[in-house]
Amino acid sequence: MTELPERLLSMMDTLSASPALAIGLTLGAFFAGNWGFARMGRPLWLPPVVLSAVLLSATIAVLSLDYARYQDGAEWLRVLLGPATVALGIPLYQQMHHIRALWRPILCTLPLAATLAAVYAVVIAWGLGATPEVLASLAPKSVTAPIAIGITKELGGSVPLMMGGLLITGVVATLFVDLLSGLLSISDERIRGFALGLNGHAIGTARAFEISPTAGAFASLGMGLTGVFTALILPLVFHL
Amino acid sequence: MPMLRGFLILVLFFLLGEAVRLVFLLPVSGGVLGMMAMTLTLMVTGGVSEELASASQGLISVLVLLIMPGVVGVFFTADQFQGQWLAVGAALLVGTFLSVLTTLLLMKFLIRAGTRSQAND
C-alpha cells in the first residue's frame, strides 16, 4: 500500500499525460478570463485573452506541470485553428457587396500597410540592438497564428516569442485602432475593421466582430490578405 | 447534429487547403487557402446553409481560445531573451502604433479619393 502523497503525485502525473487536463485548464482559464473581463467593466486595455493567458500560465506554474506536456495536450485545441480560419470565409462571403465597393482602396493599402507592419517593428528592434533570432520572431507580428508559425520557423525565429509578440500586437492594435480612429475622426466601420484585421490578426478580428458583422468581415479580409501577402513576401525580403 | 455537419464542411475545406499547400509547396497556411476556397465556393453556389453558418459562428467566437496554448509559451521562455525586452517592447508598441496609423490614413485618403473621382465621372 503506497502512501497518500505518493499516490497523489502519480495521479497528477497520469492526469497531465492526458489531453483532458490541458484542455480543461485552457477552457477554464478562457471562461475565467471572460468572466473577469466582464466584471471589470470590459476594459479595452485588458482584453480577455490576456487575462486568460496570465491565469493559465499561473495555473501551469502553480501546479508545476511540465510546459511541453501541456503543449502536447493542448494540441487538440490548436488543431481547430485550421477549420476556424476556414470559417472566416463565411462572413467574408456574406459581406462581399461591401468589400466589392471598396476593392480599389483595399488593394492599394494592403501591400504597403502589411509590409510596413513588419518593417516598422524590425527596424525599431534592430535599432535597439535585437539579435537576428528576435528580429525573425517579430517580423510576422501582424500575421494570424497558423501562418505566422510557418513564417517564423522559416526565418529562424523563436515560436514562443513570436506568439507573445502576436498577443501584444493584437491587443495594442485594438487599442490604437480605437484611439486613432477617434483622433482622425474615422467612423467608417469598414476602415476600422480592415485596420483591426490587418494589424491585429485574430485578436483584432474578434474585436471587429464586436463592433459589427461588417467590421468583422473587413477584419477577416484584412487578416487573410495580410497573412497571404506576408507569407509570400517576408521570406524573400528577409534573405536579402 | 446540424452544427457537426457544418463542422465537417469546414474540416474538408481545411484539408483541401492543406492538400493544395503541400502539393504546390506554398508558404501559406492551409487554413487561409481553405478560407479563400470557401469564399469562392460560396460565391459560385450563392448561399450559406444554416449548418455551415452555425458551425462557423461557433468557431469564430472561440478563436481566441484556440490561440491561448501558443500564447502562454512566452511566459515559459522569457529568460531566453534577457536584455532584448526593451527592443521587443518598443518594436511591438511603436511599430504597431505606426502601422495602425498608416493603415487608417491610407484607407481614409484612398476612399475619399475614390468617391471624388466617381463624382467627377
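This is a predicted model: local features need pLDDT of at least 70, side-chain atom pairs count only at pLDDT 80 or more; totals for chains, interfaces and linings use all residues.
Visitor: Which residues of H2(A) and H3(A) meet?

Guide: From H2(A) the residues include Leu25(A), Ala29(A), Phe30(A), Gly33(A) and Phe37(A), and from H3(A) they include Pro48(A), Leu51(A), Leu55(A) and Thr59(A). By class, this contact has nine nonpolar, six polar and no charged residues.

Visitor: Why are H10(A) and H11(A) called oblique?

Guide: Helix H10 (residues 145–155) of chain A packs on helix H11 (residues 159–183) of chain A at about 140°, the axes being 10 Å apart. Roughly antiparallel would need an angle over 145 degrees; at about 140° the pair is therefore oblique. On the H10(A) side the contact includes Ala148(A), Ile149(A) and Lys153(A), and on the H11(A) side Met162(A), Met163(A) and Leu166(A). The class count is seven nonpolar, one polar and one charged.

Visitor: What makes H1(B) oblique to H2(B)?

Guide: Helix H1 (residues 2–24) of chain B and helix H2 (residues 30–45) of chain B pack at about 120°, with axes 7 Å apart. The roughly perpendicular range ends at 115 degrees, so at about 120° the pair is oblique. H1(B) passes H2(B) in a right-handed crossing. Among the residues that meet are Phe13(B), Gly17(B), Glu18(B) and Arg21(B) in H1(B), and Gly34(B), Ala37(B) and Met38(B) in H2(B). This contact has nine nonpolar, five polar and two charged residues.

Visitor: How do you know that the span of H13(A) agrees with its number of residues?

Guide: Helix H13 (residues 213–238) of chain A has 26 residues, which at 1.5 Å a residue should span 38 Å. Its end C-alpha atoms are 36 Å apart, which agrees.

Visitor: Where is the kink in H13(A) centred?

Guide: The kink is centred on Thr230(A) and comes to about 30°.

Visitor: How many helices and strands does chain A have?

Guide: Chain A has 13 helices and zero strands. Its C-alpha atoms fill a box of roughly 75 × 45 × 30 Å along the principal axes.

Terms used:
Residues are numbered from 1 along each chain as its sequence is written. Chains are lettered from A and ligands numbered from 1 in the order in which they are written. Side-chain values use heavy atoms; hydrogens and water are left out. Contact means heavy atoms within 4.5 Å. Helices (H or I, at least four residues) and strands (E, at least two) are DSSP runs, numbered from the N terminus. Ala, Val, Leu, Ile, Met, Phe, Trp, Tyr, Cys and Pro count as nonpolar, Asp, Glu, Lys and Arg as charged, and the others, Gly among them, as polar. The expected span of a helix is 1.5 Å times one less than its number of residues. The bend at a residue is the angle between axes fitted to the seven residues ending there and the seven starting there. Axes are lines fitted to C-alpha atoms, for helices over the stretch in contact, and angles run from 0 to 180 degrees between N-to-C directions. Angles under 35 degrees count as roughly parallel, over 145 as roughly antiparallel, 65 to 115 as roughly perpendicular and the rest as oblique. A crossing is left-handed if the near helix is turned anticlockwise from the far one by less than a right angle, and right-handed if clockwise.
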